[in-house]
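Open the model in a viewer and keep the sequence at hand. Each stop below says what to select and what is there.

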Amino acid sequence: MDLILWRHAEAEDAPDGGEDLERPLTARGEKQAARMASWLDRQLPEGLRVLVSPARRTEQTARALGRKFKPRAELLPGGTVEDLLELAQWPKSRGAVLVVGHQPMLGETAAKLLGMTASQCAIRKGSVWWLRHRSREELEETILLSVQSPDFL
């Protein structure tokens with residue numbers, strides 16, 4: 001199983017009293033999302049499931065990919081690693097799941113799967129971490145296949 005974690009691109013700051021979930025991407029964020037979506041589109045397998053936080057900035061990031069996605073409240077800020085892993089059906093599902101979400105949940109998820117402490121793993125805005133679960137002779141392992149930043153594509 002592959003789990004692809006994509007942090008939303010750069011978003012506007014919330015105005016005083018403004019709703020965090022309604023923050024749109026900045027112009028720079030739109031470019032970041034487009035660059036990363038272009039890279040992802042060339043890499044992603046057929047049959048991919050795409051799960052997205054229903055926050056405006058994550059949906060805008062996911063739309064850049066041009067594929068169908070399912071908004072899931074479990075991925076909103078404040079969600080847990082366990083929520084994300086259960087939703088993605090890690091590691092039992094077949095194929096690949098792309099999750100578009102937020103820090104610190106994405107970094108905490110990567111840290112847990114890679115055997116690090118949560119504070120050791122921060123995912124930059126617009127970046128992708130691609131993880132793979134595999135079993136070999138009764139050994140279960142998670143492999144970090146790729147880390148991509150839109151600022152370096």
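Where is the place of E74? Select E74: it sits in the loop between β3 (70-71) and α3 (81-88). Keep in mind throughout that this is a predicted model.

**Stop 1: around E74**

With a relative accessible area of 28%, E74 is partly exposed; the cut-offs are under 20% for buried and over 50% for exposed. Show the side chains of E74 and R72, which make a polar contact with each other at 2.7 Å.

**Stop 2**

Show the strands as a cartoon. Six strands make an open sheet in the order β3-β2-β4-β1-β5-β6, and the pairing is mixed. The edges are held by β3 and β6, each with a single partner strand, so one side of each has no neighbour in the sheet.

Strand β2 (residues 49-52) runs parallel to β3, and two bridges join them. Select V52 to find P71 of β3 opposite.

H133 stands opposite T142 in β6. The two strands β5 and β6 form a hairpin with two residues between them. Select E137 in the turn, where phi is positive, at about 45 degrees.

**Stop 3: helix α1**

Select residues 27-43, which are helix α1. The helix α1 has 17 residues and reaches 25 Å from its first C-alpha to its last, close to the 24 Å expected at 1.5 Å a residue.

Which residues of α1 are buried? Colour G29, Q32, A33, M36, A37, W39 and L40, which are the buried ones. They cover an arc of only 165 degrees around the axis, so they lie on the same side of α1. Their packing partners are β1 (2-7), α2 (56-63), β5 and β6 (139-148).

**Stop 4: the aromatic pair**

How many aromatic pairs does the structure hold? It holds one. Select W39 and W130: their rings are edge-to-face, 6.3 Å centre to centre, with 90 degrees between the planes. Because W39 lies in helix α1 and W130 in strand β5 (residues 128-136), the pair ties together parts that are 91 residues apart in sequence. Both members count as buried, W39 at 11% relative accessibility and W130 at 7%.

**Stop 5: S127**

Is S127 buried or exposed? Select S127 in the loop between α4 (105-114) and β5. S127 has a relative accessible area of 3%, so it is buried. Setting aside its neighbours within four places in sequence, S127 is in contact with L5, W6, R7, M36, Q148, S149 and P150. Among these contacts, M36 is a residue already coloured at the helix stop, as one of the buried residues of α1.

Technical notes
Residues numbered from 1 in each chain as written. Predicted model: local features only at pLDDT ≥ 70, side-chain atom pairs only at ≥ 80, totals over all residues. Heavy atoms only, no water. Phe/Tyr/Trp six-rings, centres within 6.5 Å; stacked < 30°, edge-to-face > 60°. Helix = DSSP H or I, 4+ residues; strand = E, 2+ residues; numbered from the N terminus. Buried < 20%, exposed > 50% of the residue type's maximum accessible area, 1.4 Å probe, protein only. Polar contact = N/O pair within 3.5 Å; in protein donor to acceptor, adjacent residues only side chain to side chain. Expected span 1.5 Å × (residues − 1). Arc of directions from axis to C-beta. Contact = heavy atoms within 4.5 Å. Pairing = 2+ DSSP bridges.
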